[in-house]
Each structure stands twice: as C-alpha cells, then as structure tokens.
Amino acid sequence: MFYSPPVVPQKWQSAHEAHTQAVEQKFVVVAAWILLITVVVYQFSHDIRSFHSSNLLVTEFAIRMPVILVALTALSTHYFGKPRCSGRLLLQLLALSLMVMILALLLLHLKNGTNEFHQISNGLVISFFGASMLSVRGLRDWPLLFLLPIATFASLAVFLDIALEDVGPLVFDPLMMMVIGMIVMTALRHILTSEFLARQQLREVASTDPLTGLLTRRAMEPLMDHELQRAKRADVPFSLVLGDLDLFKRVNDTWGHDTGDLVLRETARRLKVALRHQDALCRWGGEELLVLLPDTPMEGAREVAEKLREVAEKLREAMIPAIDAHGQPITQTISLGVASFQTDDTVEAIVGRADEALYLAKRNGRNRVEVACRVTG
Ligand SMILES: Nc1nc2c(ncn2[C@@H]2O[C@H](COP(=O)(O)OP(=O)(O)OP(=O)(O)O)[C@@H](O)[C@H]2O)c(=O)[nH]1
C-alpha cells in the first residue's frame, strides 16, 4: 500500500480520545463563528448577489434559523460553559443543520420555480465542503451528515412532484466537493494523529527512567499533586513509601557498576510486579525508589512496604544466575519509610516525613520499615 494511516496503540487510546475531544472543542468555536457570520451575511446580501426572491426572504430566514441557533448554542457552551454539550455533538449538529438548510433552500427554490439556481448551486458547493470539513470523525459521520439529509431531500422532492432529473446537474459539483472535503479532512486527521503519536512518544521517553523502566521523578510529581488534590477534595487517604537500597555502594565497589545496575533494575522490576495496577513506582534518585499508593491509609501502606521489603530480600535467590560469573550471591535489602496524607498537607511535607521515616529505618539497622509519626496540629 502506498500510504498507511497512523495507528494509535491500545495504551494511548484513551489519551487519543481526550486529545480528539479537545481538538473538537476548539474546532467547534471556529466553525460556529464562520457559520454564524456567513449565514447572516447571505440572509442580508440578496441585492449584492442579485438574488431577487425577496418574497421568500422570511421563509429563507426560517430555514437558516436552525444553523444560527446551533452556532449560538456552540458559542454559548464555549464562552459561558452552558449548556454543557460535547464538541462532537455540536459539530454534528452544525453540519446537519447546514445540510438541512441548503437542501431546504434548494427545495424551496425548485418548488417556487425561481431562476436563481447558480446562486443555490454555489451555496451547495460551499455547504457540502463545509459539512465534510465538520465531520471530524471521518467516514463514521458520513451517513448522518450526508446520507440522511440527501435521502430526506430526495423523498421530499418526489413527494412535491419535483423532477429529480432537474436536480442532478445541481448536485454534481457539491457531491464532488463533498468527496474532496472528506479526503482533505481525512488527511488532516491523520496529520493530527501523527503529531499526537510523536508527542506521546516524546512524553514517554521523558517520563521513563532508561535504566529501570520506572517513572521518572518529573513524571511522578504531577501524579502526587493530583492525588493530593483528590485527597483534599474527596477526603480519601493516600500514602507514600520511600525506599532506599541498603549499602548499595558496597555492591558497586565489590561487583562493579554494571552489576550494581543489574541489581537496581531487578529490584525495580520485582517491586513493580508486587504493586497494584493503580500504584505508581518511580526512581526518585540514584538508588531511591518512591511508591505512591492511592486510596491507602497508613496501616495499609505499612503492609505494602513490608511486602516490598520481603520481595527485595528474596532478590538474593533471584540474582544468583545473573552473577554466576562472580561465583558468589549478592545480598541486597531495602529500607523503607512510610508517610500518609494528613489534613492541610503538601506533597513536600509528606515526602519529607517519608524521608525521615526512611532515615530512622537506616538508623535502626536497615532492611526494615518505619512509619512517619503523625504531625498533630
Ligand atoms: N550501579 C549504580 N549505582 C548507583 C546508581 N545510582 C546511584 N548509585 C550508587 O548508589 C550508592 C549509594 O551509596 P550511599 O548513598 O553511600 O548509600 P548506601 O551505600 O546505599 O548505604 P545506605 O543508604 O546507608 O544503606 C552510590 O555508590 C552511588 O554511586 C546507578 O544508577 N547505578
């Protein structure tokens, strides 16, 4: 195939959906302004356009009304937040009301036998192109935006005894514009998706520690902020566990930096497997790891920390094949400090308390868990 459209991997599907919705929200504002201005201009520019059906002015205005109302609704949603309508729905309504308007105008002029079809034909070309540009979701929108209005129009034409042969030449150009519009919109959508994928890849590189594959400290900070806000708003607990590999310098000094890296990587992998899906584990510093435990009070966090300590301790058996060349097993343990959210907390304060608890764990002999004291106000 000469062209393959960008494919969004499963893991980014929901982020891509959010991105598409954000694009739709912006797009709808531009589209609403353009439609509002053009429809109003067309309503009041009959003389300039040598459009002589002034007796149909009121009927035409009624036919244009749905577009005006949908555009005003879209602008009101954007500027005042009310009514709450999704961008996609508004785009569909804008495109649909545009199609209904232009086909109804065509029907009106055909029925009344006016001779201004070159004007109507121009309007059809512009409207069909416009509606196809509003179909942000591509061909999925096509049946609703084109098939339904055109089928309704054809049925009404037959019902009103309008010969469909007379309509054919009028709709040929607009249908071509519809095809062109769909192609342009598809290309635009693919460009937007490619940009989204490039941005996601960059973000993933920036948020992943290359040695351990864990989140970086920078990626963890917004997660902690988010959890702090949620805890304050919804009164749900959360905890942090700060872990530090014990006497890690000795591993490096004895076995070399490469083996140190291996121990660090394997510890990180095993701790990650031991955590729940919603927990976040990051490399906080050199050989320091930080765990964010949402919806977890102090006691639960202590249990998790104890489990992590045991997992790290078992690393000794796991590492034997990896360091077989040296002929000796590595003993690697971890000390952990636990701190939980308290009213009026800040992220820095919780991390600070977890750090103090970790310091205590080191002082009390390493390979142990300590819990930060409650700060009473
Ligand atoms: N191999 C390797 N070593 C690292 C990495 N990051 C930090 N380190 C080492 O980790 C060691 C940390 O040593 P210290 O801070 O003295 O602490 P420790 O030896 O772990 O002793 P305690 O923390 O008191 O138990 C240093 O030697 C760092 O060079 C890394 O990415 N790879």
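Trainee: How is the shell around the ligand divided by class?

Mentor: The shell has five nonpolar, four polar and seven charged residues. Ala, Val, Leu, Ile, Met, Phe, Trp, Tyr, Cys and Pro count as nonpolar, Asp, Glu, Lys and Arg as charged, and the others, Gly among them, as polar. This is a predicted model, in which local features need pLDDT of at least 70 and side-chain atom pairs count only at pLDDT 80 or more, while totals for chains, interfaces and linings use all residues. Residues are numbered from 1 along each chain as its sequence is written.

Trainee: Which of the 16 residues around the ligand come nearest?

Mentor: They are Asp246, Phe248, Lys249, Gly260 and Gly286; a residue is near if its C-beta atom, placed from the backbone, lies within 6 Å of the molecule. Helix α9 gives the most to this shell, with four residues.

Trainee: What makes α8 and α9 oblique to each other?

Mentor: The axes of α8 (residues 248-255) and α9 (residues 257-274) cross at roughly 135° and come within 6 Å. Axes are lines fitted to C-alpha atoms, for helices over the stretch in contact, with angles from 0 to 180 degrees between N-to-C directions. Angles under 35 degrees count as roughly parallel, over 145 as roughly antiparallel, 65 to 115 as roughly perpendicular and the rest as oblique. The pair is therefore oblique.

Trainee: Why is α2 called roughly antiparallel to α3?

Mentor: The axes of α2 (residues 57-80) and α3 (residues 87-112) cross at roughly 170°, so α2 is roughly antiparallel to α3. Their contact has 15 nonpolar, three polar and two charged residues.

Terms used: Helix = DSSP H or I, 4+ residues; strand = E, 2+ residues; numbered from the N terminus.
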